[in-house]
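Subject: Structure handover

Hi,

Here is the structure I promised to pass on. Please open it and keep it beside you as you read my notes.

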Amino acid sequence: MGGVSVTVTIDKPPTEPIPPCLGDPDRWAAGGEDPELKALCRACARRWLCAKEALKTPGAEGMWSGVHIPKDGRGRAFALRQLRSLAAHGGYDAADSG
């Protein structure tokens, strides 16, 4: 009697590329007004989530979601307003964050 051979192939779900900020976090922590970092952030699929995470992270500084967050002052307040707007645009409730 002949047996039947069956081969089963399991497809792995596609893996998303690691965002550049997770590959080199020190570069993003330094942030500044680096146009290359801003461009990478603006093209990232996690941009809206990143804005929400920045608002939920106490003392967040550096480049988040394409926005440079200074340590303090008016620039920081402005950056946090930008991040609230980005998070809201992505569907995240961030009205009372930051």
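Start with one contact. A polar atom in the side chain of Arg-76 lies 2.7 Å from the backbone oxygen of Ala-60. Please keep in mind that this is a predicted model.

Stay with that arginine for a moment. Arg-76 sits in helix α5, which covers residues 74-89. Is Arg-76 buried or exposed? Arg-76 is buried, yet has no salt bridge. The nearest side chain of opposite charge belongs to Glu-61, 5.7 Å away. A salt bridge needs the side-chain nitrogen and the carboxyl oxygen within 4 Å.

Now the overall layout. The protein has five helices and two strands. Along the sequence, they follow the pattern α-α-α-α-β-β-α. The protein has 98 residues, and 28% of them count as buried.

Next, the largest pocket. It holds about 170 Å³ of space. Which residues line the largest pocket? They are Cys-21, Leu-22, Pro-25, Trp-28, Ala-29, Arg-46, Cys-50, Glu-53, Glu-61, Met-63 and Trp-64. Helix α2 gives the most, with three residues. By class, the lining of the largest pocket has eight nonpolar and three charged residues, but no polar ones.

Ala-29 lies in helix α2. Why does Ala-29 count as partly exposed? Because its relative accessible area is 49%, and exposed means over 50%. Ala-29 and Trp-64 are 35 residues apart in sequence. In space, their C-alpha atoms are 8.6 Å apart.

Last, the cavity. The structure holds one cavity of 30 Å³ or more. The largest cavity has a volume of about 90 Å³. Its lining is made of Pro-20, Cys-21, Trp-28, Leu-40, Cys-41, Cys-44, Arg-46, Arg-47, Cys-50 and Ser-65. The elements that give two or more residues to this lining are α1, α3 (35-42) and α4. By class, the cavity lining has seven nonpolar, one polar and two charged residues.

Compare the two lists as you go.

Best wishes

Technical notes
Residues are numbered from 1 along each chain as its sequence is written. This is a predicted model: local features need pLDDT of at least 70, side-chain atom pairs count only at pLDDT 80 or more; totals for chains, interfaces and linings use all residues. Side-chain values use heavy atoms; hydrogens and water are left out. On a 1 Å grid over the protein atoms alone, a cavity is a set of points where a 1.4 Å probe fits but cannot get out, and a pocket is an open set with protein on both sides within 12 Å along at least five of seven lines; lining residues have an atom within 4 Å of a point. Grid points are joined across faces, edges and corners, and a volume is the space filled by probe spheres set on the points. Helices (H or I, at least four residues) and strands (E, at least two) are DSSP runs, numbered from the N terminus. Ala, Val, Leu, Ile, Met, Phe, Trp, Tyr, Cys and Pro count as nonpolar, Asp, Glu, Lys and Arg as charged, and the others, Gly among them, as polar. Buried means under 20% relative accessible area, exposed over 50%, partly exposed in between (1.4 Å probe, protein chains only). Lys and Arg count as positive and Asp and Glu as negative; His and the chain ends are not counted. A polar contact is a pair of N or O atoms within 3.5 Å; within protein, one must be able to donate a hydrogen and the other to accept it, and residues adjacent in sequence count only if both atoms are side-chain atoms.
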